[in-house]
Structures are given as C-alpha cells and as structure tokens.
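My entries follow the structure.

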Amino acid sequence: RGAWKRYGSEGFQHWDILLPGYKYNLSDVHAAIGLAQLPKLEKFVVERQCLWQQYNALLAGLPEVIRPAVRPDVRSSYHLYTLRVKVERLRWTRDQIMAAIQAENIGLGVHFRALHLHPYYRERFGFQRGLCPAAEAASDRLFSLPLYPGLGEADIRDVVRAVAKVLTVARQQ
C-alpha cells in the first residue's frame with residue numbers, strides 16, 4: 001500500500017502483516033532519484049525540524065496529547081511527528097479520534113501497531129493482547145500528523161485546529 005495514500009481521501013488504513021518478509025520496493029529509478037535528493041537532505045531535515053517546532057508550540061496547550069521529544073544526545077531526521085493521545089482522559093479511542101480528524105480533511109498515519117497483534121504473529125505464534133502491555137499502550141495511542149518538506153505554516157495551523165476541535169468533542173461528557 002503506497003504511503004502517500006494516507007494523505008488522500010482514502011485516509012489512514014490499518015495494515016496487517018500476513019507473512020514475514022522484506023520490503024523490496026526500491027527500483028534503480030528510485031535509487032537514482034534518491035541519490036539526486038541526497039544533496040538536499042540537510043535542507044529537508046532543517047525544514048522538518050522547523051515544522052516540528054511549530055507543531056510543538058501550537059499543540060502545547062492540549063493536555064490530552066503527549067508531543068514527541070528528541071533526546072539531546074540524538075540527531076533526529078524528524079521524519080515523523082507522532083502524537084500520543086491520552087485516551088484514558090477521553091471518551092473516544094485513538095481510531096475514533098483519527099477518523100474524526102480525517103473527516104476534517106487532515107491526512108494521518110498509524111505509527112505503529114504492536115507487531116505481535118498483526119494476524120501473522122497471532123496466528124503463527126498464538127500471540128495475544130496482554131503479551132506486551134507497553135507496546136500495546138503505545139499502539140493504541142499513537143498516530144502521526146502530516147510532516148513533509150513544503151508543508152506550510154497555514155497547513156500546520158489547519159492540522160492543529162482540527163486536532164484541537166476533535167479533542168474538544170472527544171472530551172465532552
């Protein structure tokens with residue numbers, strides 16, 4: 001499933017691991033494009049870091065979310081902006097929150113579902129919910145906001161406005 005589809009009208013979709021394997025999908029043409037992009041990498045990282053900082057500032061007032069952090073001893077590529085939703089403070093699940101944000105015309109991604117809950121691992125090894133509670137807690141609460149070079153300040157404000165609107169509804173009793 002193409003990664004860009006999550007930003008389209010199809011929206012976020014859970015994906016399932018049915019068999020173990022590898023993701024071999026880089027053709028020579030794609031590799032050539034990647035090599036041509038390498039000189040732009042530092043510019044992209046700086047731009048994504050700026051977008052991160054904008055998200056962090058605008059989402060700071062929402063007590064139901066935990067914003068991502070980067071340890072000071074780590075250099076991040078800032079390739080994802082993942083929110084952790086405190087679903088225990090809300091009356092909606094993460095997936096209900098995501099669906100409502102998507103209804104506001106915002107593309108989202110699920111990053112990431114706990115590996116042991118995918119069909120292959122459940123069926124092959126009998127893994128069940130409860131085996132890895134920390135992974136499951138993260139899996140049930142995380143999703144990613146749009147983040148890519150070229151994303152504008154107005155776009156970020158629209159995303160944050162939609163997240164805040166949905167969380168306001170999700171917290172009402």
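I compared the span of H2 with expectation: its 19 residues at 1.5 Å a residue should span 27 Å, and the end C-alpha atoms are 27 Å apart, which agrees. The expected span is 1.5 Å times one less than the number of residues. Helices (H or I, at least four residues) and strands (E, at least two) are DSSP runs, numbered from the N terminus.

I noted that this is a predicted model, in which local features need pLDDT of at least 70, side-chain atom pairs count only at pLDDT 80 or more, and totals for chains, interfaces and linings use all residues. Residues are numbered from 1 along each chain as its sequence is written, and side-chain values use heavy atoms, with hydrogens and water left out.

I looked up Leu41, which lies in H2 (residues 41–59). Leu41 counts as partly exposed because its relative accessibility is 43%; buried means under 20% relative accessible area, exposed over 50%, partly exposed in between (1.4 Å probe, protein chains only).

I then listed the buried residues of H2, among them Val45, Trp52, Tyr55 and Leu59. Their cover includes strands E1 (65–66), E2 (81–85) and E3 (142–145), and helix H6 (153–171). Leu59, leaving aside residues up to four places away in sequence, touches Val65, Arg67, Tyr81, Leu83, Leu145, Val160 and Val163; contact means heavy atoms within 4.5 Å.

I checked the largest nonpolar core, which has 33 residues; Tyr55 and Leu59 are among those with the most contacts inside it. Such a core is a set of buried Ala, Val, Leu, Ile, Met, Phe, Trp, Tyr and Cys residues joined through side-chain atoms within 4.5 Å. H6 supplies the largest share of this core, eight residues.
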